[in-house]
Amino acid sequence: MSSEYEKMIAGEYYSPQDAELRELAARSRDFQYCFNQERDSEKRSAIIKEWFGSTGENLAMKPDLVCDYGVNIHLGENFYSNWNLTMLDVCPITIGKNAMLGPNCQLLTPLHPLDPVERNSGVEYGAPIKIGDNFWAGGGVTILPGVTLGDNVVVGAGAVVTKSFGDNVVLGGNPARMIKEIPIHKEEKA
């Protein structure tokens, strides 16, 4: 039989009132408080490395940061986020190397049943977010549950990404659509 945590990260219905999940959430709130009060950027990075599931060595994140658990967030090398990042991680959020997120971005994995009886019962579920390398999100970008973005994706300010896209694209709008492809210049071999 699966635990509520295992059901949660698998995208199945789970109870957020489960004792293990409540403990994980309380642990996350403690880290969140410490991170958001810390003025020293190196100390903030150390907090993230202890809090999150995995990170690269080089990361820089500004407060305020909000997340559900932290343990389901995996950041690649050279991660940067500006002010007011929200990462709701009931399912894994995985971001590759060389990512830059502008202010007020949201990565949201939770979902709730559409049926009002099921929704009112308190069960929830989610879908993971996966983002490749060399990602750039402008201010106010929202990425919804289940979205996968390839490498070298740029998302314009204020966009709401509701579906997945491949490599080398610029996205914008609500719902986000492809604005153009990004030509990738290959370095000449010596």
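In this predicted model, F135 touches N98, A99, M100, L101, I143, L149, V153 and V155, leaving aside residues up to four places away in sequence. F135 also belongs to the largest nonpolar core, which has 37 residues; together with M61, L107, I143 and L149, F135 is among the residues that touch the most other members. Helix 3 (residues 41-51) supplies the largest share of this core, three residues. Another core lies apart from it and has eight residues, including M8, L21, A25 and Y69.

An open sheet is formed by seven strands in the order 1-4-7-12-15-17-18, with mixed pairing. Strand 1 (59-61) and strand 18 (177-181) are at the edges; each has a single partner strand, so one side of each lacks a neighbour in the sheet.

| Strands | Sense | Bridges |
|---|---|---|
| strand 12 (residues 136-137) and strand 15 (residues 154-155) | parallel | two |
| strand 15 and strand 17 | parallel | two |
| strand 17 and strand 18 | antiparallel | four |

Individual bridge partners can be followed across these strands. W136 has V154 as its bridge partner in strand 15. V154 in turn has V170 as its bridge partner in strand 17. For L171, the bridge partner in strand 18 is M178.

Strand 17 (residues 169-172) sends V169 and L171 one way and V170 and G172 the other way, and all are buried. Strand 17 and strand 18 form a hairpin, with four residues between them. In the turn, G173 has a positive phi of about 100°.

**Helix 2 and helix 3**

Two packed helices are described by the angle between their axes and the distance between the axes. For helix 2 (residues 19-37) and helix 3, the angle is about 170° and the axes are 10 Å apart. Angles over 145 degrees count as roughly antiparallel, which means that helix 2 is roughly antiparallel to helix 3.

On the helix 2 side, the contact consists of R27, S28, F31, Q32, C34 and F35. These residues meet R44, I47, I48, E50 and W51 in helix 3. By class, the contact has six nonpolar, two polar and three charged residues.

How values were computed: Residues numbered from 1 in each chain as written. Predicted model: local features only at pLDDT ≥ 70, side-chain atom pairs only at ≥ 80, totals over all residues. Heavy atoms only, no water. Pairing = 2+ DSSP bridges. Buried < 20%, exposed > 50% of the residue type's maximum accessible area, 1.4 Å probe, protein only. Core = buried A, V, L, I, M, F, W, Y, C linked by side-chain atoms within 4.5 Å. Contact = heavy atoms within 4.5 Å. Axes fitted to C-alpha atoms, helices over the stretch in contact; angles between N-to-C directions. Parallel < 35°, antiparallel > 145°, perpendicular 65-115°, else oblique. Nonpolar A, V, L, I, M, F, W, Y, C, P; charged D, E, K, R; others polar.
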